Structure formats: C-alpha cells, structure tokens
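The entries follow in the order I made them.

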Amino acid sequence: GYILSGKVIFGYNDKLALWDTKFSPVGFAGPLPKQPTGGLKLAINRVTFHQIATSFDGARLAQRTAKFLILWDVKKRTIQHKFKSSAFAFSKNGKNLASRSTNGIEIWDITKSVIVKIAEIKIGTNDYRFDGFRSLTWSNDGKILAAASNDYVGIFSVQKKSLIGILERGADNILFSDNWLVASDYASLRFWKIETINNLLK
C-alpha cells in the first residue's frame, strides 16, 4: 500500500482501490475487505499490475501493468493518459513524468488535463546496453535522470537530452535521496555522492 494525502492505496486481487483513513484502519490484521470501508474506489481493472506510485504532490497516480502505464487524476478518479512503457518516474516538483519509450526516455508535462510530451532523450545504437532499462529516477533539482539496466546505470542530462555518464554494474531499482544516488539489486546496495553525479553535467 501507499499513503496519499490521508488515504491508503492498495493493490489486491488484480484491483486498485483507495481507502479514506478516516473510516478504515490502516494497520488491520487479516485479509483485505472486499470493498473499501467508508472510502471510495479509485478503479477496478481486470488486469494484473506490477507497480503503483504517486506524484510528490499527490495529484497523480501511475499504475504499471504488463503492457501499459496508466496515469490517473486522483481528485477526479479518472484515467488521464495511457502509455506503452515499462519504467517511469515522477519529478520531485510533481510537474513531469519520465517514461521509457521505444527510442529512449520521454518527458511529459502532467499538470494539465491533457498531458503533453515536452522532450525526448533518444538512446542511440552505441548505448544499446540501456535498451532494456527497467528503473528510472529524477534528481531532486530535475536536471538529471538515471536509468538502470541489467548491466549498467546510465546518467542523462534533461537539458542536453543526452547520455552523460555510465556507472558500472546494473541495478533493479535506483533512486535519488538528498545526498546520494542509491542503486539496489538482489545482493547489494550501492551509493554515489550527488556531487559526483552533478559533476557529469559540467
């Protein structure tokens, strides 16, 4: 589950639902109720989904299935957009979404009712190692995107729309904290100082 503005998002039995914590306890034991108690359903989808995440301002929710990435407007309880993508990340300011595309990384403005693609970082043939990247993350200032594949972690400049650095070894998940870029796999955690990553922009 995920906490979102006083509500809890749960995935269960191929469904996605939103509970209002004023009516339904968060830490209950036993099986999940069939219906949100006193809350509102966000959606019911007859598909299996692999990942859910919210934007940092709580206005959007992304739901990744085997074939699509579905972007929800949380307040309206409606689908805002549907992508073909297997990796995504919300920017820290809540204004943008980065998603994996056939040719690289697409960046979207998600602040309006109709989202707009505002940039694309193309990954060339020399960067074939990132063809299968499966995790994305934004730096806190929005200037850098990091993408993890099986063999490498790639560092991309949002402004230059290009690959600016390669970190050895792949990762299952990556994220930027206040002072570190953190990569994890089944056996380890690795850390790089933000100063080291930012130096790649120079």
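I started at Leu181, which stands opposite Trp192 in β19. The model is a predicted one, and I read it as such.

Next I looked up the strands around that position. Strand β18 covers residues 180–184 and runs antiparallel to β19, with 5 bridges joining the two. I then traced the sheet: it is open, holds 3 strands in the order β17-β18-β19, and pairs antiparallel. β17 (173–176) and β19 (189–193) each have a single partner strand, so one side of each has no neighbour in the sheet. On average, neighbouring strands here are turned by 15° against each other, direction ignored.

I searched the whole structure for aromatic pairs and got 3. One of them is Phe88 with Phe90, edge-to-face, at 6.3 Å centre to centre and 85° between the planes. I checked burial for these two: Phe88 and Phe90 are both buried. For Trp180 and Phe191 I noted ring centres 5.9 Å apart and planes at 80°, so this pair is edge-to-face. Trp180 lies in strand β18 and Phe191 in strand β19, 11 residues apart. Trp180 is partly exposed at 34% relative accessibility, and Phe191 is partly exposed at 47%.

I also looked for charges over rings. Lys82 lies over the face of Phe68, 5.1 Å from the ring centre. Arg100 has its charged end over the ring of Phe133, 5.6 Å from the centre.

Last, I took the chain totals. The protein chain has 1 helix and 19 strands, and buried residues make up 46% of its 202 residues.

Terms used: Residues numbered from 1 in each chain as written. Predicted model: local features only at pLDDT ≥ 70, side-chain atom pairs only at ≥ 80, totals over all residues. Heavy atoms only, no water. Helix = DSSP H or I, 4+ residues; strand = E, 2+ residues; numbered from the N terminus. Buried < 20%, exposed > 50% of the residue type's maximum accessible area, 1.4 Å probe, protein only. Pairing = 2+ DSSP bridges. Axes fitted to C-alpha atoms, helices over the stretch in contact; angles between N-to-C directions. Phe/Tyr/Trp six-rings, centres within 6.5 Å; stacked < 30°, edge-to-face > 60°. Lys NZ or Arg CZ within 6 Å of the ring centre and 35° of its normal.
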